Amino acid sequence: MTITFHNTLARKKEAFTPLESGKVRMYCCGITVYDYCHLGHARTCLIWDVARRYLQWRGYDVTYIQNFTDIDDKILNRARKEGITMEEVSERFIAAYFEDMKRLGIGEADVYPRATHTLDGIKRLVTELEEKGYAYPSQGDVYYQVRQFKQYGQLSGRKLEDMQAGASGRVAVESAEDTKKKDPFDFALWKASKPGEPAWESPWGSGRPGWHIECSAMVRDRLGETIDIHVGGSDLVFPHHENEIAQSEAVTGKPLARYWMHNGMVRVNGEKMSKSLGNFTTIRDLLDGKWWFPNQTPRDKPIEPMAIRLFVLQAHYRKPLDFTEDALEAAANGWQTLKEGLLFGDKYGKQLNWDNLDILATGTNLWAERFTAIIDDDLNFAGGLAVLFEIAKELRKEGNIIVHEGKTETDSLQLYHQWRSLVELAEVLGFTVEPEAESEATEGLSDADIETLIQKRTEARKAKDFAESDRIRDELSAQGITLIDQPGGVTKWHR
RNA sequence: GCAUCGGUAGCCAAGAGGUUGAAGGCGGGAGCCUGCAAAGCUCUUAUUCGUGGGUUCGACUCCCACCCGAUGCUCCA
């Protein structure tokens, strides 16, 4: 079976073959650390982490790298405002990043390079670009000469002439930077530092790297000249990734990445969720229940991490995803279904005598086969989830039958394999559940207390004293106990 | 304006030239059970895939035009 990916570069799906058999080198453009992460960042991190998990599950040895941009005007602005250093700002938000991602159950990358740790590689790259005639210094800055790189625009599908025509209306105001450029399309590889700004020594004077160059340098340092998969948000296609290609390929003469993949944006009220629009909801606010929509009163509704995962994974990664309360609620409810399926073994395994089962290695797993075939096709996680739901729903039903009837007719071994399949496949997508979470300690009423109350209620019902019987039912229900009145006056219960 | 990606049931959302029953989730409805509920269980919820043309024996799926939306062309996941 072949895995296919939609390659932004080719603008179509292509069969995936890694450069080196069995190994995948993958780079994800990370975040600029000047604020807390929002749902949009979560989507990107989640999707590509799951992509990596999936490739691992499919047998690949994956090296996954994600960077932190820790040199940037926005970080600098924040540092100035707070009267601290740029480093202090970035350290704080890197720490916050790890906290948030951990809470969401997103796995860690193998390495998290930072711009500040990559200066040698950056300077080397700029020097080489200069030597090869792709870069020129100008008043302490160094610029990339876009017109030198004839393939410029290949990733984003644009031509310089078109851009010029389109931009002519709005680029009326020339910034100071523009006067240093030979051509408006040129972009900075290195910027001279202004007084009081963090700066690094370089052959071009003291300064700091431009934004795009760090990724080129990190990829080269950590993964080599050509990697398998380069991913990021679709808003990075141009100019960021286009410029990365121009920088790296001008030097190496080799493709920077064989597959470029981009995830769609999260939207709010039809607009992209973004820092600059101010319509973002941070991950921690969502998890802590302190979130709201623009012009609305704040919610006090913590969202479970796994519900966020479901919300994200139910949409195809390339499509935009609307952030609405309804969608979030649907995901939260959907997660309950999945969760009940995942807990099936913990709740009923004993009763089904699984400990004494003669468990043989299963041959073909039809669910896993379907799951794989679906996701192999350009990471169709939503399609894969449908398989999970089918299994989870059946298990939930079996669980309910056991609770209501005390037993099930379904074969115990079959249920075991079904449950194992669900757990395994769910794990590939990062869905996990803690069994402890469900076993609410026997605080409050003891089983005996409950039985006594139910007995009282049964008597009241016999006497047609429904006011009293309903009162007892309400009392128990307030304790989280559900009564099941069955034919023949039998009442079962469960917490 | 140019480029790119979309428009599938009440909502979210897969899929894809041939019968495919157009997945799945959420929500809703009906029945069974119950004193009534709840919890369950069963059944049900798009003759149709933005609009209009075309290609084809056949299109939701391919092509063209149009309408609508998003993103990028400035920092952005």
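How many bridges pair strand 5 and strand 6, and in which sense, parallel or antiparallel? Select strand 5 and strand 6 (residues 141-144): they pair in the antiparallel sense over four bridges. Strands here are DSSP E runs of at least two residues, and helices are H or I runs of at least four, numbered from the N terminus; two strands pair if DSSP finds at least two bridges between them.

This is a predicted model, in which local features need pLDDT of at least 70 and side-chain atom pairs count only at pLDDT 80 or more, while totals for chains, interfaces and linings use all residues. Residues are numbered from 1 along each chain as its sequence is written, chains are lettered from A and ligands numbered from 1 in the order in which they are written, and side-chain values use heavy atoms, with hydrogens and water left out.

Within the pair, Tyr136 stands opposite Tyr143 in strand 6. Now widen the selection to the open sheet of four strands, order 5-6-7-8, with antiparallel pairing. Strand 5 (135-138) and strand 8 (207-209) are at the edges with a single partner strand each, so one side of each has no neighbour in the sheet.

Finish at Asp470: an N or O atom of its side chain is 3.0 Å from a base nitrogen of RNA strand B.

Methods: Polar contact = N/O pair within 3.5 Å; in protein donor to acceptor, adjacent residues only side chain to side chain.
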